Amino acid sequence: WIYVPQASQCREADENHPLLQSYVDTVLQGCLEWGGETMAEDFVLSTGGWSAYFLNDTPSSRRPWLFRKDYDTIDAILRKHSDRTHYGDRRHPEEFASTFLLQRMRGTWSI
């Protein structure tokens, strides 16, 4: 299968519109269900638009075993391809907000 968004709807992720872990989980869970780890890795490698604006928005994001099905497999795949997926840039909501707030405030109030 292939997903191609309309060109008018394509935008790069940014601090206001980050890549969401909940969406990545949904897609990769489908890949794991239909084609196993091979399909999940193929999806990661054939998908563009991965971004450092990567928000771990899942419920209880610090305790993934509670709400994220296959979290260990998904995270292992994302980590394996971190040069592409920006896995190391993934942040919890409070970290995400403070990181990009500080970037915007540089030069303001002597920050």
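Predicted model: local features only at pLDDT ≥ 70, side-chain atom pairs only at ≥ 80, totals over all residues.
Leaving aside residues up to four places away in sequence, Ser 61 touches Asn 56, His 92 and Pro 93.

Arg 91 belongs to the loop between α3 (82-85) and α4. With 23% relative accessibility, Arg 91 is classed as partly exposed. Again not counting residues up to four places away in sequence, the contacts of Arg 91 are Ala 52, Phe 54, Leu 55, Asn 56, Phe 96 and Thr 99. Asn 56 turns up in the contacts of Ser 61 and also in those of Arg 91.

## Salt bridges around Arg 62

Now for the charged pairs. Side chains of opposite charge can pair when their charged atoms come close. There are six salt bridges in the structure, and Arg 62 takes part in one with Glu 94 and in another with Glu 95.

In the pairing of Arg 62 with Glu 94, the N to O distance is 2.3 Å. This pair links distant parts of the chain: Arg 62 is in the loop between β2 (54-55) and α2, while Glu 94 is in helix α4 (residues 93-105), 32 residues apart. Both ends are partly exposed, with Arg 62 at 46% relative accessibility and Glu 94 at a relative accessible area of 44%.

For the bridge between Arg 62 and Glu 95, the closest N and O atoms are 3.6 Å apart. Arg 62 is in the loop between β2 and α2 and Glu 95 is in helix α4, so this pair ties together parts that are 33 residues apart in sequence. Glu 95 is partly exposed as well, its relative accessible area being 30%.

Shared partners also matter elsewhere: Asp 25, Arg 68, Asp 75 and Arg 90 are joined into one network by salt bridges that share partners.

Lys 80 and Glu 41 make another salt bridge, with 3.2 Å between the closest N and O atoms. Here the link runs from helix α2 (residues 71-80), which holds Lys 80, to helix α1 (residues 21-46), which holds Glu 41, and the two residues are 39 residues apart.

The two ends fall into opposite classes of accessibility. Lys 80 is exposed, at a relative accessible area of 56%, whereas Glu 41 is buried, at 18%. Lys 80 is over 50%, so it counts as exposed, and Glu 41 is under 20%, so it counts as buried.

## The largest pocket

How much space lies in the largest pocket? About 990 Å³. It is lined by 25 residues, and the ones closest to its centre are Tyr 3, Pro 5, Leu 19, Tyr 23 and Gly 48.

Helix α1 gives the largest share of that lining, seven residues. Both β1 (19-20) and α1 supply at least two lining residues each. By residue type, the lining splits into 15 nonpolar, six polar and four charged residues.

## Cysteines

A search for disulfides across the whole structure comes back with zero. As for individual cysteines, Cys 10 is partly exposed, with a relative accessible area of 44%, whereas Cys 31 is buried at 0%.

## Two residues with positive phi

Most residues other than glycine have a negative phi. Asp 70 has a positive phi of about 60°, although it is not a glycine. Asp 70 is found in the loop between β2 and α2, and its relative accessible area of 28% makes it partly exposed.

His 86 is a further case, a residue other than glycine with a positive phi near 60°. His 86 is placed in the loop between α3 and α4. At 26% relative accessibility, His 86 is partly exposed too.

Methods. Residues numbered from 1 in each chain as written. Heavy atoms only, no water. Salt bridge = Lys/Arg side-chain N within 4 Å of Asp/Glu carboxyl O. Helix = DSSP H or I, 4+ residues; strand = E, 2+ residues; numbered from the N terminus. Buried < 20%, exposed > 50% of the residue type's maximum accessible area, 1.4 Å probe, protein only. Contact = heavy atoms within 4.5 Å. 1 Å grid on protein atoms, 1.4 Å probe; cavity = no way out; pocket = protein on both sides within 12 Å on 5 of 7 lines; lining within 4 Å. Points joined across faces, edges and corners; volume = space filled by probe spheres on them. Nonpolar A, V, L, I, M, F, W, Y, C, P; charged D, E, K, R; others polar. Disulfide = S-S within 2.5 Å.
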